[in-house]
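Subject: The structure, and what turned up in it

Hi,

Here is the structure I promised to pass on. Please have it open while you read, and my notes follow below.

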Amino acid sequence: QWNVALGGVEVQGGRTLDGKPELVTLFPGALAVMRRLLFDESLKGVSVAVASKTTEGPWAHKCLEEIVINKEPLKKLADVVHFREIYYGAKQSRHFPALRDSTGFPYSEMVFYDDCIY
C-alpha cells in the first residue's frame, strides 16, 4: 500500500537493515520522465510499456497501481503505462514479442531500457 509519509509502496513485512519499512519507489529521473509523459502535450501520442521477468507478478502489478507520480491531480504509474508484460520468462523470447504483438509497433519503433546488468 502507498505510504504517503514515506513516499513509496511499502513492502508488506519488509524491513531494511536499520528497521525502517522497505519501500518501492521510482528513481528521481524516472519519476521526471513519467510526469513529463503525463503532462507534456507534445508527448501525448507516446505509448509506454513495461516488461518484467519476475516471480512476483501480482506484486509488480500492485506497484504499478499504487506508485504515485503526481499528487494534484492524483496520477499513478498505471495511468502512464499502456501495456504490461509482467511474468516469469525470458524477455527476448516472450516479453518483447508479446509487446510487439499487443502494441502493433515493430521493434524499430521501440526504445528499451533495462536495469538488469547481467
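A cut-off to begin with: a residue counts as buried under 20% relative accessible area, as exposed over 50%, and as partly exposed in between. By that scale Ala32, with a relative accessible area of 46%, is partly exposed.

The average pLDDT over the protein chain is 85, and 81% of the residues score at least 70. Confidence is highest in strand E7 (residues 83-86), with a mean of 94, and lowest in strand E1 (residues 2-3), with a mean of 62. Where pLDDT is low, the predicted coordinates should not be read in detail.

Now the overall layout. The protein chain has three helices and seven strands, and along the sequence they come in the order β-β-β-α-β-α-β-β-β-α. Of the 118 residues in the protein chain, 29% are buried. The chain exposes about 8200 Å², and 55% of that is supplied by carbon and sulfur atoms. If you count the contacts with a separation of 6 or more, 46% of them join residues 24 or more positions apart.

Next, the interior. In soluble globular proteins, nonpolar side chains tend to be buried together. Here the largest nonpolar core has 15 residues, and Met34, Ile69, Leu77 and Val80 have the most contacts inside it. Helix H1 (28-39) and helix H2 (57-66) are the elements that give two or more residues to this core, and H1 gives the most, with four residues.

Which residues of H1 are buried? They are Leu31, Met34, Leu37 and Leu38. Seen down the axis of H1, these buried residues fall within an arc of 125 degrees, so they line one face of the helix. They pack against strand E5 (68-70) and strand E6 (75-76). The length of the helix makes sense too: at 1.5 Å a residue, the 12 residues of H1 should span 16 Å, and the end C-alpha atoms are 17 Å apart, which agrees.

Two loops are also worth a visit. In the loop between E5 and E6 you will find Pro73, and the peptide bond that leads from Glu72 to Pro73 is cis, with omega near -5 degrees.

The loop between E6 and E7 holds His82. Is His82 buried, partly exposed or exposed? His82 counts as partly exposed, at 45% relative accessibility. Leaving aside neighbours within four places in sequence, His82 is in contact with Val46, Ser47 and Val48. In sequence, His82 and Val46 are 36 residues apart, while their C-alpha atoms are 9.5 Å apart in space.

Those are my notes; do write back with any questions.

Best wishes

Definitions and conventions:
Residues are numbered from 1 along each chain as its sequence is written. This is a predicted model: local features need pLDDT of at least 70, side-chain atom pairs count only at pLDDT 80 or more; totals for chains, interfaces and linings use all residues. Side-chain values use heavy atoms; hydrogens and water are left out. Buried means under 20% relative accessible area, exposed over 50%, partly exposed in between (1.4 Å probe, protein chains only). Contact means heavy atoms within 4.5 Å. Accessible areas come from the Shrake-Rupley method with a 1.4 Å probe; for residues, only the protein chains shown count as cover. A nonpolar core is a set of buried Ala, Val, Leu, Ile, Met, Phe, Trp, Tyr and Cys residues joined through side-chain atoms within 4.5 Å. The expected span of a helix is 1.5 Å times one less than its number of residues. The arc is that of the directions from the helix axis to the C-beta atoms. pLDDT is the predictor's confidence in each residue, from 0 to 100.
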